[in-house]
Amino acid sequence: MKSSLDYTDDRDTLIINDSKIRQTLESCKDIDPKEIEEILQEALLLKGISIEQTAKLLMIEDEHLLESVYETARKIKDEIYGQRLVLFAPLYISNLCANECLYCAFRATNKHLKRKYLTQDEIAEEVAALIDQGQKRLLVVAGESYPQEGLNYVLNSIKTVYSVNRGSGKNIRRVNVNLAPLEVDEFKRLKDAQIGTYQLFQEVYHYDTYKKMHVGGRKRNYKYRLHAIDRAFQAGIDDVGIGILFGLYDYRYEIIALRQHIAHLEKYFGMGPHTISVPRLEPADESAVASNPPSPVSDRDFKKLIAVLRISVPYTGLILSTRENPKMRGEALSLGISQISAGSRTNPGGYRVDSKDEKGTADQFSLGDTRPLDEVVYDVVKLGYIPSFCTSCYRSGRTGLDFMELAKPGEIRKFCHPNALLTFTEYLVDYASEQTKKAGLQLVKEKMAQIDSERIHKKFQQIIDGERDIYV
Ligand code: SAM
Ligand code: SF4
């Protein structure tokens, strides 16, 4: 079995081809509006577009043409995802880290940061606080260095999350993880812990920039990280998320590289990632890089890249985090984002009411949106979206290729739309403020009126009558 030491870290990789990316971008510099319109027409067939076509869209600067790109992205988003939007919260269990990522407050040499890892009891308290807000899906996050138990610490933490029960269906039903790369046998143990998605961002595909930004620790090895998703697939994890940390290198290069990464996964494993995350660099404690990104992505370019991704890989979920402010979130939702984090804290222990005094000293980065879940939910409803706390696909075994087979012909809407309404209703009845409940129930009623399945109406009534965790 390969360990990190077996990965000679040279820049040659079969997955990411630097000169091909440059050639592709170079050859797409001249924009022909007619050709762009043809690409956009083809995109409406919902089959995705080629890497070259993706590059062409990324090179557009003309506002008028960009409007057409947005329009197409909105149509695709609406056709495949409808009005639902999945909500989740990150759970930071530890900020211990042995790596030196120059943009992150958790990096080993940041002596200013208060180091903390949560005990299993503290994790249970955090989870209880999250459940009491109405969360059903968590993303467990940690730095790359675990307390003495090593990986068992993470596995026990996942077990703890699933074990917390606040009565009548009030529990966490899906635990995704964002953790450092593992070996195949370790990934198998992670799978056995019943994780939903394994998430890992390459951060920056451009090799030299990667080396400049990751100056120490195991993460310095570019290839070991790049091949982590292969190892996860080999271990039988069929639900993975990838991502780029925008601001480190030219976004156009990065997206073409990401498409090459996906092409590799599709070639060798028959499927790509379930999700793509699009974090932008945020200021972080003691990090000059985070405050002054080397290749900043403007709001306009950020909107463009979200729209292009939506068009390029229509069936892959797009995740936006708390890092973005409410205005950008609103725009990004219409262009293609299908999941957002809400009510987030990025310091271990940040959800418990008594941890306020610790805040600000243990955060990974500053948040653009610090509103509580209920406020985000209200906002999302006002924007016309249905907040979804659904976890049914993964619990019904609709993951990996099974999911893709359903998703591609648009079938998944038959499950996702009603499940969004059912789980949102649960949220409204159990947790929402009066204001949110009023706005939310009105939206749910409108949407339910458009559903002519007796079975789904029956399930809806079951929830109103107090039954919980009902899904199709
Ligand atoms: N330590 C693991 C790793 O690096 O893969 C997993 C957890 S790490 C806390 C999760 C992600 O946070 C990183 O992959 C990186 O993209 C993101 N991150 C780090 N510093 C950031 C910053 N200043 N602004 C925005 N995102 C940041
Ligand atoms: Fe550690 Fe991850 Fe932060 Fe890098 S990004 S310093 S590996 S927590």
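Predicted model: local features only at pLDDT ≥ 70, side-chain atom pairs only at ≥ 80, totals over all residues.
Student: By class, what kinds of residues make up the shell around ligand 2?

Tutor: There are four nonpolar, two polar and two charged residues in that shell. Here Ala, Val, Leu, Ile, Met, Phe, Trp, Tyr, Cys and Pro count as nonpolar, Asp, Glu, Lys and Arg as charged, and the others, Gly among them, as polar. The residues around ligand 2 are Cys97, Asn99, Cys101, Cys104, Phe106, Arg107, Gly143 and Lys219, each with a heavy atom within 4 Å of it.

Student: How do I read a nonpolar core, and which residues have the most contacts inside the largest one?

Tutor: In soluble globular proteins, nonpolar side chains tend to be buried together. A core here is a set of buried Ala, Val, Leu, Ile, Met, Phe, Trp, Tyr and Cys residues joined through side-chain atoms within 4.5 Å; buried means under 20% relative accessible area, exposed over 50%, and partly exposed in between (1.4 Å probe, protein chains only). The largest core has 151 residues, with Leu57, Leu91, Leu190, Tyr198, Val278 and Leu305 having the most contacts inside it. Domain 1 (76–399) and domain 2 (413–464) both contribute residues, so this core lies between them; the bounds come from an automatic or database domain assignment.

Student: What does Tyr198 touch?

Tutor: Beyond its neighbours within four places in sequence, Tyr198 is in contact (heavy atoms within 4.5 Å) with residues including Val177, Phe187, Leu190, Ile229 and Val240.

Student: How should I judge the interface between the two domains?

Tutor: The size of an interface is often given as the accessible area lost when the parts come together. For domain 1 and domain 2 that is about 2000 Å², and carbon and sulfur atoms give 62% of it (1.4 Å probe, summed over both parts). The domain centres, taken over C-alpha atoms, are separated by 27 Å. Domain 1 puts 28 residues into the contact and domain 2 puts in 21.

Student: Which residues of helix H14 are buried?

Tutor: Met328, Arg329, Gly330, Ala332, Leu333 and Leu335, in a helix that runs over residues 326–335. Helices (H or I, at least four residues) and strands (E, at least two) are DSSP runs, numbered from the N terminus. Among the elements covering those buried residues are helix H4 (63–81), strand E1 (84–94) and helix H13 (299–312). After H14 comes Gly336, with a positive phi near 155°.

Student: Are Glu203 and Glu286 buried or exposed?

Tutor: Glu203 counts as buried because its relative accessibility is 8%. Glu286 counts as exposed, at 52%.

Student: And where does Ser277 sit?

Tutor: In strand E6 (residues 275–277). Ser277 is buried, at 5% relative accessibility.

Methods: Residues numbered from 1 in each chain as written. Chains lettered and ligands numbered in written order. Heavy atoms only, no water.
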